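Q: I would like a close look at a single part of this structure. Please go through it step by step.

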Amino acid sequence: MGKPVTSLPRFTAADGSFSVSYPAPGSAYDVSMGGNGVTAKFTGGDTGVLQLFSEPARGRSPQDIARDLLKQKFPDAKIAYEIPNAMVGYQPGYGEVADSWPQGTSSSYIRIRTVLLVAVKNDLALVAGAVGPYHAFGPDFGPGLPSGANVQIAQDMGKYVNSFSWQGDPPR
């Protein structure tokens with residue numbers, strides 16, 4: 001069997017510990033690479049940021065890692081709900097959606113929604129995170145159906161979350 005055909009570019013960590021697909025050049029994203037993953041800034045619609053990265057689990061559970069990351073980035077965020085049966089790279093993990101209300105430059109508050117998905121394998125956590133302005137989905141916004149995510153960038157997140165693979169995983 002040959003290699004599977006892919007339509008998206010792939011990031012592979014320098015040490016080979018994981019890989020993940022990311023938005024293609026010319027898409028609605030400005031993409032940058034770091035040592036531990038990819039940051040893709042969504043330039044269309046409501047804007048937002050998608051991060052696909054790894055970090056050492058150091059014996060922590062996916063839930064502990066998600067909570068630690070949320071505290072680091074958004075210390076005042078409130079968890080809206082947990083995502084049941086969350087998976088990253090087809091590995092069972094933990095997911096949550098949280099809201100924060102940072103003050104804008106005009107002294108007004110904007111509701112920011114964060115979606116975090118984390119799974120751990122071989123003591124390496126793979127994380128998919130999306131942050132963007134809260135925007136309720138309905139007949140006049142989004143795919144037409146209501147959504148618990150209510151953040152535009154989350155509509156595109158699934159194909160990247162499921163593209164994660166740890167070193168040694170079989171090709172998909």
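Which residue in E10 is the bridge partner of Ser54?

A: The bridge partner of Ser54 in E10 is Leu126. A word on the source: this is a predicted model, in which local features need pLDDT of at least 70, side-chain atom pairs count only at pLDDT 80 or more, and totals for chains, interfaces and linings use all residues. Residues are numbered from 1 along each chain as its sequence is written, and side-chain values use heavy atoms, with hydrogens and water left out.

Now to the strand itself. E10 covers residues 124–133. Strands here are DSSP runs of E with at least two residues, numbered from the N terminus. Of the 10 residues in E10, 9 are buried, meaning under 20% relative accessible area with a 1.4 Å probe, protein chains only. The strand is thus mostly covered.

Next, the partners. Two strands pair if DSSP finds at least two bridges between them. Strand E5 (residues 48–56) is joined to E10 by 8 bridges. These two strands run antiparallel. Strand E9 (residues 112–121) also pairs with E10, over 10 bridges. That pairing is antiparallel too.

In E10, Leu126 is the bridge partner of Ser54. Leu126 is also the bridge partner of Ala119.

E9 and E10 form a hairpin with 2 residues between the strands. There, Asn122 takes a positive phi near 55°.

Notes
Buried < 20%, exposed > 50% of the residue type's maximum accessible area, 1.4 Å probe, protein only. Helix = DSSP H or I, 4+ residues; strand = E, 2+ residues; numbered from the N terminus.
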